[in-house]
Amino acid sequence: MVGFRPDNLTVLLTVRLEEPMPAHVSHADLDSLLARRLHVMAELQSLGDFRQGSLVERFRRCGKPRCHCANPGDPGHGPSFSLTRSAEGKTITQVIPAQEARTAGLQIAEYHRFRGLCRELTAVNEEICRVRLAAASEAAAEKKTSSNPSKRKSGSKPRG
Ligand SMILES: [Zn+2]
């Protein structure tokens, strides 16, 4: 206990007790975050086929005067489907056979699920990093007050 004056130590401890603990530093929080991350990764693994873009449904009029599509109120020929997406500033259009339109729609929906899961995975990882950092800072602070901090120098530096 050389180097510590009891008075100072008391003050230090009092201050630390009075200050609210950083809100998320606890094993329970970390455990639930890790569980959350596992859950999101399992969801990612369960993803089916997915694709980007939007499905466009079109009806058209062929222009023949005796065709049913010439009647007012007739929806026209179709629907025909195409998938459009933008890549590097260009719009890419791909024709989707009508019988595949439903599948394409599901694939697009799955892509949005994928994006949502990515956002969630990023958020939960950032939270995990934050909690770990807070816990490490907490541990370092405890070490400082309970023992002499030993200075470590980093070992061999890589040579370029
Ligand atoms: Zn027609």
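Two strands are taken to pair if DSSP finds at least two bridges between them, and helices (H or I, at least four residues) and strands (E, at least two) are DSSP runs, numbered from the N terminus. The structure described here is a predicted model, in which local features need pLDDT of at least 70 and side-chain atom pairs count only at pLDDT 80 or more, while totals for chains, interfaces and linings use all residues. Residues are numbered from 1 along each chain as its sequence is written.

With these terms, S54 has T84 in β2 as its bridge partner, and V56 is partnered in β2 by S82. These belong to the pairing of β1 with β2, two strands that run antiparallel and are joined by six bridges. On the other pairing, β2 and β3 also run antiparallel and are joined by seven bridges; S86, for example, has T91 in β3 as its bridge partner. The three strands form an open sheet with antiparallel pairing in the order β1-β2-β3. Its edge strands, each of which pairs on one side only, are β1 (54–60) and β3. On average, and with direction ignored, neighbouring strands of this sheet are turned by 35 degrees against each other, where axes are lines fitted to C-alpha atoms, for helices over the stretch in contact, and angles run from 0 to 180 degrees between N-to-C directions. Helix α3 (residues 101–146) lies across β1, β2 and β3 and runs at about 150 degrees to β1, contact between two residues being defined by C-beta atoms, placed from the backbone, that lie within 7 Å.

Most residues other than glycine have a negative phi, and most peptide bonds are trans. The peptide bond from G78 to P79, however, is cis, with omega near 5 degrees, and P79 lies in strand β2 (residues 77–87). E88, which is not a glycine, has a positive phi of about 50 degrees and is placed in the loop between β2 and β3 (90–96); the hairpin of these strands has two residues between them. E88 counts as exposed because 5 C-beta neighbours lie inside 10 Å, given that a residue is buried if 20 or more other C-beta atoms lie within 10 Å of its own, exposed if 12 or fewer, and partly exposed in between, with C-beta atoms placed from the backbone.

A further exposed position is A35, with 11 other C-beta atoms within 10 Å, which is found in helix α2 (residues 27–45). The C-alpha atoms of A35 and V124, which are 89 residues apart along the chain, are separated by 10.0 Å.
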